[in-house]
Amino acid sequence: MIIKPKVRGFVCVTAHPTGCSAHIQQQIDYVKAKGPIKQGPKKVLVIGASTGFGLSSRITAAFGSGAATLGIFYERPSEEGRPATPGWYNTIAFSKAARAAGLYAANLNGDAFSDDIKKQALEIIARDLGQIDLVVYSLASPRRVHPKTGAVHKSTLQPIGAPYTNKTVDTDKGIVSEVTIQPADETGIADTLAVMGGEDWEMWIQALLDAKLLARGATAISYSYIGPIHTWPIYKDGTIGRAKIDLERAAKAIDTKLKAHGNGRAFISVNKALVTQASSAIPVVPLYISILYKVMKAKGTHEGCVEQIQRLFATQLYNGVQPKFDAEGRVRVDDWEMRPEIQDAISEIWPKVTTENLEQLTDIKGYRSEFLKMFGFGVPGVDYEAEVEPHHVML
Ligand code: NAI
């Protein structure tokens, strides 16, 4: 089958296995080139391991510190005439490379919110790993079936309190327009918190502690975003922001438990805005990212997911250093994004952007190429005219 990108709004419904594999190899090469991360993690559980920041965490742990990894994710395998989702191909490529390097890599595809997947994960850890010393919680999901109540919670990306109007871009068509998003009601706020808040992270940590599968002194991290005033109504002060406040609450609760467990630790890392499947679905944010990439590339400070996570591990978590916390106890690798000279430049460009000057004033080209790369397209060295086998068996 010859696989071409089929972009539908903010998703691409096809993925290229060879391209995904080459994209994974680029990230592995980056981590290896940065050199070993000393005193790094050795047995790592990554929840949300197949794309974005979770995938980069897995790659950094494995190829930066020689860690054994168990990855949990929710991906769709290929079906007759239809390629798998990119996370499926990413995971196969990662697992092949890890095992070729002599590293343990196990995978569990299913709903991380469910009791069943937690039970299966504990069984794999008990059988193969003994105890985990790093848990990365990096889920981004539109829904959660609550394991205790059976309720289905759907997360929303909405402001709270008042409608929000701002510029946005259709990244595929290159059209800049104004969008108004209606505020969420109480149910929408509570549902988003149930999906993207901290309860499930706490459930994972408690299950590991109860089963005595978390090493004394273990680390638990999860990821958040704050961003600039342009996006606050839809992000920091919106439904997702409320969920992130709850994630921070959970980080503190988990930290207390882990402190009592051999002086372990839990915290949130606030990361940079990046093109991922999760962020491309948020209104306004893709326009911000396109301007951000333009400004940060010009300053030479642009990073992708793997650069961010490698820096997090190497300068904040391991290598014999202590994390530098902000006033709220969070680690900040969004520090370069939030520098005043970057944000001032964005604020200057923001009001000027139109459909006509989008290509000049923003890095919409870079956005599109990153977006396609997530699905394995546009990766140098890959022959996209060649026949490729879409059916790959999970390792
Ligand atoms: P992503 O969409 O690339 O990755 C989500 C991961 O979660 C995938 O591995 C997916 O398979 C997995 N997943 C989703 N639902 C699942 C389920 N029910 N069961 C098992 N696995 C499931 O997302 P991204 O952007 O890497 O987000 C990860 C975290 O990073 C989120 O907490 C997000 O808020 C945060 N973050 C993202 C930023 C961005 O700009 N993309 C910036 C800062 C933080």
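Tutor: The structure holds 21 salt bridges, a salt bridge being a side-chain nitrogen of Lys or Arg within 4 Å of a carboxyl oxygen of Asp or Glu. This is a predicted model, in which local features need pLDDT of at least 70 and side-chain atom pairs count only at pLDDT 80 or more, while totals for chains, interfaces and linings use all residues. Residues are numbered from 1 along each chain as its sequence is written, and side-chain values use heavy atoms, with hydrogens and water left out.

Student: How far apart are the closest N and O atoms in the salt bridge of R127 with D128?

Tutor: R127 is exposed, with a relative accessible area of 63%, and D128 is partly exposed at 34%. Here buried means under 20% relative accessible area, exposed over 50%, and partly exposed in between (1.4 Å probe, protein chains only). The closest N and O atoms of R127 and D128 are apart by 2.8 Å.

Student: How many residues apart are E199 and R144?

Tutor: The side chains of E199 and R144 meet in a salt bridge, 3.0 Å from N to O. This pair links distant parts of the chain, with E199 in helix α6 (residues 199–210) and R144 in strand β7 (residues 143–145). Helices (H or I, at least four residues) and strands (E, at least two) are DSSP runs, numbered from the N terminus. The separation of E199 and R144 is 55 residues.

Student: Which residues are linked with R330 in a network of salt bridges?

Tutor: R330 and E248 meet through their side chains in a salt bridge of 3.1 Å, N to O. R330 is in the loop between α9 (305–317) and β13 (331–332), and E248 is in helix α7 (residues 239–259), 82 residues away. Both R330 and E248 are buried. The residues linked with R330 in the network are E248, D326, R332 and D334.

Student: Which side chain makes a polar contact with the side chain of T219?

Tutor: T219 is found in strand β11 and is buried, with a relative accessible area of 3%. Leaving aside neighbours within four places in sequence, T219 is in contact (heavy atoms within 4.5 Å) with D133, L134, V135, R265 and Y318. A polar contact is a pair of N or O atoms within 3.5 Å; within protein, one must be able to donate a hydrogen and the other to accept it, and residues adjacent in sequence count only if both atoms are side-chain atoms. At 2.8 Å, the side chain making a polar contact with T219 is that of R265.

Student: What covers the buried residues of α5?

Tutor: In helix α5 (residues 186–196), the buried residues are G188, I189, D191, T192, A194, V195 and M196. What covers them includes β7, β8 (152–154) and α7.

Student: How far is an oxygen atom of the ligand from an N or O atom in the side chain of S50?

Tutor: Of the 30 residues around the ligand (a heavy atom within 4 Å), S50, A112, K244, L274 and T276 come nearest. A polar side-chain atom of K244 lies 2.8 Å from a ligand oxygen, and a backbone N or O atom of F53 lies 2.9 Å from a ligand oxygen. For the side chain of S50, the distance is 2.6 Å.
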